[in-house]
Amino acid sequence: MTSPKKDSEKPEEDINKAFFFPDLDEIHNSKVLPEEVRILELNAAPYPDGKRVRINLETTPFLERPHLDMVILDPSVAEAATASIIEPMSWRQEFTVHLRTEWQPGDYKVMMRLFYPPRDEEDPKLFRLDIPVENTDFKELTFEISEGGA
């Protein structure tokens with residue numbers, strides 16, 4: 001039988017929380033409004049086969065989930081891949097994109113757009129995706145796929 005805790009005893013720290021989520025309180029308190037959300041980090045790493053690219057993305061912690069559009073252009077400036085991420089659950093994203101164009105050695109460009117679409121005035125749960133929206137943030141970078149793939 002366990003004895004009840006005395007008022008003078010401090011509650012025990014949850015060691016699982018401390019191990020798995022060491023900065024949870026800091027992150028929870030640092031979430032920002034939509035107009036302040038920014039792309040903090042964008043990285044692209046081609047796979048050795050030269051047909052896929054791993055994308056790593058980090059944004060500022062957000063109160064409201066944004067939308068993201070990504071485009072990859074090949075060395076001839078043709079669209080090699082696109083992706084749209086609607087309301088990601090986390091501010092850290094890692095995903096693999098398959099390139100649709102024929103393999104070409106050279107510099108590829110990744111462009112990432114972060115935005116919040118306007119809400120429908122009549123039904124605030126709906127978003128209108130058929131009207132242009134302003135970027136909240138935009139980032140681009142160049143990466144190379146050489147003769148051997150990556």
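Begin the tour at Glu-87, which is partly exposed, with a relative accessible area of 25%; buried means under 20% relative accessible area, exposed over 50% and partly exposed in between, with a 1.4 Å probe and protein chains only. The model is predicted: local features need pLDDT of at least 70, side-chain atom pairs count only at pLDDT 80 or more, and totals for chains, interfaces and linings use all residues. Residues are numbered from 1 along each chain as its sequence is written, and side-chain values use heavy atoms, with hydrogens and water left out.

**Stop 1: Glu-87 and its partner**

Glu-87 sits in the loop between β4 and β5, and its phi is near 50°, a positive value in a residue other than glycine. Helices (H or I, at least four residues) and strands (E, at least two) are DSSP runs, numbered from the N terminus. Next, select Arg-65, whose side chain meets that of Glu-87 in a salt bridge (3.4 Å, N to O). This pair links distant parts of the chain, 22 residues apart, with Arg-65 in the loop between β2 (52–59) and β3 and Glu-87 in the loop between β4 and β5 (92–98). A salt bridge here is a side-chain nitrogen of Lys or Arg within 4 Å of a carboxyl oxygen of Asp or Glu. Arg-65 is partly exposed, at 31% relative accessibility.

**Stop 2: the whole chain**

Of the 150 residues, 33% are buried. Contact means heavy atoms within 4.5 Å; among contacts between residues at least 6 apart in sequence, 62% join residues at least 24 apart. The accessible surface is about 10,500 Å², and carbon and sulfur atoms account for 52% of this surface. Such areas come from the Shrake-Rupley method with a 1.4 Å probe, and for residues only the protein chains shown count as cover.

**Stop 3: further salt bridges**

How many salt bridges does the structure hold? There are seven salt bridges. One of them joins Arg-113 to Asp-69, the closest N and O atoms being 3.2 Å apart. Here the link runs between strand β6 (residues 106–115), which holds Arg-113, and strand β3, which holds Asp-69, 44 residues apart. Asp-69 is partly exposed, with a relative accessible area of 21%.

Now select Arg-100 and Glu-79, which form a salt bridge with closest N and O atoms 3.2 Å apart. Arg-100 is in the loop between β5 and β6 and Glu-79 in strand β4, 21 residues apart. Arg-100 counts as exposed at 54% relative accessibility, whereas Glu-79 counts as partly exposed at 43%.

**Stop 4: Asp-74 and its loop**

Select Asp-74, in the loop between β3 (67–73) and β4 (79–86).

Display the polar atoms around Asp-74. Its side chain makes a polar contact with the side chain of Thr-101 (3.3 Å), and a polar atom of the Asp-74 side chain lies 2.9 Å from the backbone nitrogen of Ala-78. A polar contact is a pair of N or O atoms within 3.5 Å; within protein, one must be able to donate a hydrogen and the other to accept it, and residues adjacent in sequence count only if both atoms are side-chain atoms. Leaving aside neighbours within four places in sequence, the contacts of Asp-74 are Ala-80, Thr-101, Gln-104, Asp-107 and Tyr-108.

In the loop between β3 and β4, select Val-77. Val-77 is not a glycine, yet it has a positive phi of about 65°. With a relative accessible area of 59%, Val-77 is exposed.

**Stop 5: the aromatic pairs**

The structure holds two aromatic pairs. Phe-62 and Trp-91 form an edge-to-face pair, 6.1 Å centre to centre with 90° between the planes. Phe-62 lies in the loop between β2 and β3 and Trp-91 in the loop between β4 and β5, so the pair ties together parts 29 residues apart in sequence. Both Phe-62 and Trp-91 are buried.

Tyr-108 and Phe-143 form a stacked pair, 5.6 Å centre to centre with 20° between the planes. Tyr-108 belongs to strand β6 and Phe-143 to strand β7, 35 residues apart. Tyr-108 and Phe-143 are both buried. Rings of Phe, Tyr and Trp (its six-membered ring) pair if their centres lie within 6.5 Å; planes under 30 degrees apart count as stacked, over 60 as edge-to-face and the rest as tilted.
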